[in-house]
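Trainee: I'd like to learn how to read a structure like this one. Can we go through it feature by feature?

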Amino acid sequence: MSATAGQAADGVRSLADRFGIEPGMVVMEMGYDDDVDQDLRDALTDRCGELVDEDTDEVVDAVLLWYRDGDGDLFEMLVETLSPLADNGVVWLLTPKAGRDGHVEPSEISEAAPTAGLQQTSTVNAGKDWSGARLVLRRGAKAKK
């Protein structure tokens, strides 16, 4: 078995691998602030290049949405991610882990995502203080926008 570019010899997947980010992908970032996980951002930009902001006119392959309790309406923010998102794109909802300032209850995510036309497929450890929920478009959701 051969390791991919992001895998170490011991089989540990890099952050970029865990997020499914490949060279050439366009990744949009929303909700950036000084508390984001810089190691994660560095790993992703090393893999795909600079992250684009929410004002981009490009179709994006993935969205990184940094969201903390108190950042506004989660449903509305998820809906905002859909316009530039490719039909097979992924939204990574990054929230502070339990016990950290700004922690978001999983029930809030499980309520807001389906209402926005997204479904959660997995979660990842996105750093020391952050968790990531992988959200994809529900079948037929893009056509309803």
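Trainee: What lies 3.2 Å from the backbone nitrogen of Asp 39?

Mentor: A polar atom of the side chain of Asp 37. A polar contact is a pair of N or O atoms within 3.5 Å; within protein, one must be able to donate a hydrogen and the other to accept it, and residues adjacent in sequence count only if both atoms are side-chain atoms. Here the side-chain atom of Asp 37 is an oxygen, and the contact sits at the start of H2. Before we go on, this is a predicted model, where local features need pLDDT of at least 70, side-chain atom pairs count only at pLDDT 80 or more, and totals for chains, interfaces and linings use all residues. Residues are numbered from 1 along each chain as its sequence is written, and side-chain values use heavy atoms, with hydrogens and water left out.

Trainee: Where is Asp 37 placed, and is Asp 37 buried or exposed?

Mentor: Asp 37 is in the loop between E1 and H2. Helices (H or I, at least four residues) and strands (E, at least two) are DSSP runs, numbered from the N terminus. Buried means under 20% relative accessible area, exposed over 50%, and partly exposed in between (1.4 Å probe, protein chains only). Asp 37 is buried, yet has no salt bridge. A salt bridge needs a side-chain nitrogen of Lys or Arg within 4 Å of a carboxyl oxygen of Asp or Glu, and the nearest side chain of opposite charge, Lys 128, is 7.8 Å away. For charge, Lys and Arg count as positive and Asp and Glu as negative, while His and the chain ends are not counted.

Trainee: How do I read the faces of a helix like H2, and which residues of H2 are buried?

Mentor: An α-helix has 3.6 residues a turn, so residues three or four places apart point the same way. In H2 (residues 38-48), the buried ones are Leu 40, Arg 41, Leu 44, Thr 45, Arg 47 and Cys 48. They fall within an arc of 160° seen down the axis of H2, so they line one face of the helix. That arc is taken from the directions from the helix axis to the C-beta atoms. Asp 39 and Asp 46, on the other side of H2, are exposed.

Trainee: What do the buried residues of H2 pack against?

Mentor: They pack against H1 (15-18), E1 (27-30), E2 (60-66) and E3 (85-96), where contact means heavy atoms within 4.5 Å. Just after H2, Gly 49 has a positive phi of about 100°.

Trainee: Which residue forms a salt bridge with Arg 41?

Mentor: Glu 29, with the closest N and O atoms 2.7 Å apart. Arg 41 is in H2 and Glu 29 in E1, so the pair ties together parts that are 12 residues apart in sequence. Arg 41 is buried at 16% relative accessible area, and Glu 29 is buried at 9%. The whole structure has 6 salt bridges.

Trainee: And the core: which residues touch the most other members of the largest one?

Mentor: A nonpolar core is a set of buried Ala, Val, Leu, Ile, Met, Phe, Trp, Tyr and Cys residues joined through side-chain atoms within 4.5 Å. The largest has 24 residues, and Leu 78, Leu 93 and Leu 118 touch the most other members. H3 gives the most to this core, with 4 residues. Apart from this core lies another, of 20 residues, including Val 36 and Trp 130.
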